Amino acid sequence: MSKTVGVIGAGSIVPFHLSALVEAGFTIDSIASRPGSEKAAALNERFQPSARVDSAHEVIARNPDALVIASDVASLPMLLAEALKGTSKILIEKPVSYSADVIRSLMGIRDEDVLVGYNRRFYSSVEAATRFVFANGGATFQATIAEASSNPFMTAEQKQNTLLANSVHVLDMLQAVFGRFNMITNIVAQDATPNAEALAAAKASGEKVNVTEGMLSRLVNVVSETGNVGNINLYFGSPANFAIDIYAQGRFGQMRPLENFIEYDGIDVHEPTNEVPIRTYRPRPVEPAFQIAQRDISLKPGFLQQARALHAMTEGIGVSKLPAGAALADALSVLELAERISRGQ
């Protein structure tokens with residue numbers, strides 16, 4: 001018998017959830033967002049759920065086999081608290097809340113029934129990186145998180161929310177690959193110091209002000225519970241890419257972009273030529289090369305495996321037994337880390 005799923009939210013990410021849920025074998029029970037939402041109405045027309053409802057509360061009240069809560073971050077904790085009163089297995093979008101304290105208040109009710117939507121854990125590249133670390137008996141890593149790469153002018157509040165709602169995606173992925181970070185040995189913080197008088201005068205006159213406020217960068221040294229060590233370099237407003245470099249004895253791995261993984265096992269020396277008049281050293285890729293899984297090409301990366309994990313939960317598997325799923329405890333851990341990074345201590 002097909003499992004049913006209700007979906008809350010109508011943002012840009014929700015159609016990807018719905019497509020993956022259908023592919024994973026779910027029957028869409030209902031879809032709703034805010035009352036009167038035109039986007040929700042369009043999703044209802046496109047995916048033709050079993051029932052038409054007008055609000056998120058009605059979706060929850062139908063108590064389907066599973067719920068996907070993908071509304072705005074501010075509403076996530078309230079909707080999760082309501083959903084926990086039923087019996088539906090729950091996939092809730094990251095980060096669950098902007099506050100670690102709020103996540104703590106939601107734990108201890110039905111923790112095994114809640115999967116947090118850190119879909120990057122399900123990337124085929126993350127699976128390859130995890131195997132690489134395990135096979136080499138541990139590793140050292142350097143991660144680059146380049147937020148707002150095309151927008152150097154963000155307010156301090158915007159940067160804070162970006163760290164807590166988006167950077168956590170990479171922080172969680174790092175903990176999935178290298179083990180939960182149980183020690184932060186150092187945080188170096190750099191913050192912007194705009195001219196307060198000029199800023200106040202410009203705002204008072206109603207002029208558009210291009211000023212960088214709040215965090216500029218955070219350089220973080222961590223040690224995981226499994227003994228892996230690494231550096232996390234977070235930047236705001238720099239035109240750089242997200243990347244993870246992984247160093248092991250005789251091996252080197254790269255995730256650039258994060259959806260891809262390349263392993264190297266040596267260095268090739270290239271002598272000077274007329275075109276390149278210097279000796280160059282290039283890492284030698286391992287063959288056969290990693291191939292991104294078809295599931296991460298056909299659908300948004302990670303979403304099909306995540307939907308399949310939710311389906312497995314409806315069949316009696318708790319979140320702690322899933323090979324890659326993030327539980328509320330993982331969401332709490334990564335948000336505590338993000339809060340420390342924000343504070344710079």
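Trainee: Is Asn63 buried, partly exposed or exposed?

Mentor: Start with the cut-offs. Buried means under 20% relative accessible area, exposed means over 50%, and partly exposed lies in between (1.4 Å probe, protein chains only). Asn63 has a relative accessible area of 34%, so this residue is partly exposed.

Trainee: What kind of model and numbering am I reading?

Mentor: This is a predicted model: local features need pLDDT of at least 70, side-chain atom pairs count only at pLDDT 80 or more, and totals for chains, interfaces and linings use all residues. Residues are numbered from 1 along each chain as its sequence is written, and side-chain values use heavy atoms, with hydrogens and water left out.

Trainee: Where does Asn63 lie, and what is its phi?

Mentor: Helices (H or I, at least four residues) and strands (E, at least two) are DSSP runs, numbered from the N terminus. Asn63 is in the loop between α3 (56-61) and β3 (66-69). Its phi is positive, about 50°, although Asn63 is not a glycine.

Trainee: Which loop holds Ala148?

Mentor: Ala148 sits in the loop between β6 (140-147) and α7. Ala148 is not a glycine, yet its phi is positive, at about 50°.

Trainee: How do I read two packed helices?

Mentor: Two packed helices are described by the angle between their axes and the distance between the axes. Axes are lines fitted to C-alpha atoms, for helices over the stretch in contact; angles run from 0 to 180 degrees between N-to-C directions. Take α1 (residues 14-23) and α10 (residues 303-314): the angle is about 60°, and the axes are 8 Å apart. That makes α1 oblique to α10. Angles under 35 degrees count as roughly parallel, over 145 as roughly antiparallel, 65 to 115 as roughly perpendicular, and the rest as oblique.

Trainee: Which residues of α1 and α10 meet?

Mentor: Contact means heavy atoms within 4.5 Å. From α1 come Phe16, His17, Ala20, Leu21 and Glu23; from α10 come Phe303, Leu304, Gln306, Ala307 and Leu310. Seven of the residues in this contact of α1 with α10 are nonpolar, two polar and one charged. Ala, Val, Leu, Ile, Met, Phe, Trp, Tyr, Cys and Pro count as nonpolar, Asp, Glu, Lys and Arg as charged, and the others, Gly among them, as polar.

Trainee: At what angle do α7 and α11 cross?

Mentor: Helix α7 (residues 156-178) and helix α11 (residues 328-343) cross at roughly 125°, and their axes come within 9 Å. The two are therefore oblique to each other. Their contact divides into nine nonpolar, four polar and three charged residues.

Trainee: What does Arg340 touch?

Mentor: Arg340 lies in helix α11. Not counting residues up to four places away in sequence, Arg340 touches Ile184, Ile187 and Gln345. The C-alpha atoms of Arg340 and Ile184 are separated by 9.3 Å, with the two residues 156 apart along the chain. Arg340 is partly exposed, with a relative accessible area of 31%.

Trainee: Is Ser30 buried or exposed?

Mentor: Ser30 is buried, at 0% relative accessible area. This residue is found in strand β2 (residues 26-32). Leaving aside neighbours within four places in sequence, its contacts include Val5, Pro49 and Arg62.

Trainee: Which residues do the cis peptide bonds join?

Mentor: One joins Lys94 and Pro95, with omega about 5°. Pro95 lies in the loop between β4 (89-93) and α5 (100-106). Another joins Arg256 and Pro257, with omega about 0°. Pro257 is in the loop between β11 (251-255) and β12 (262-270).
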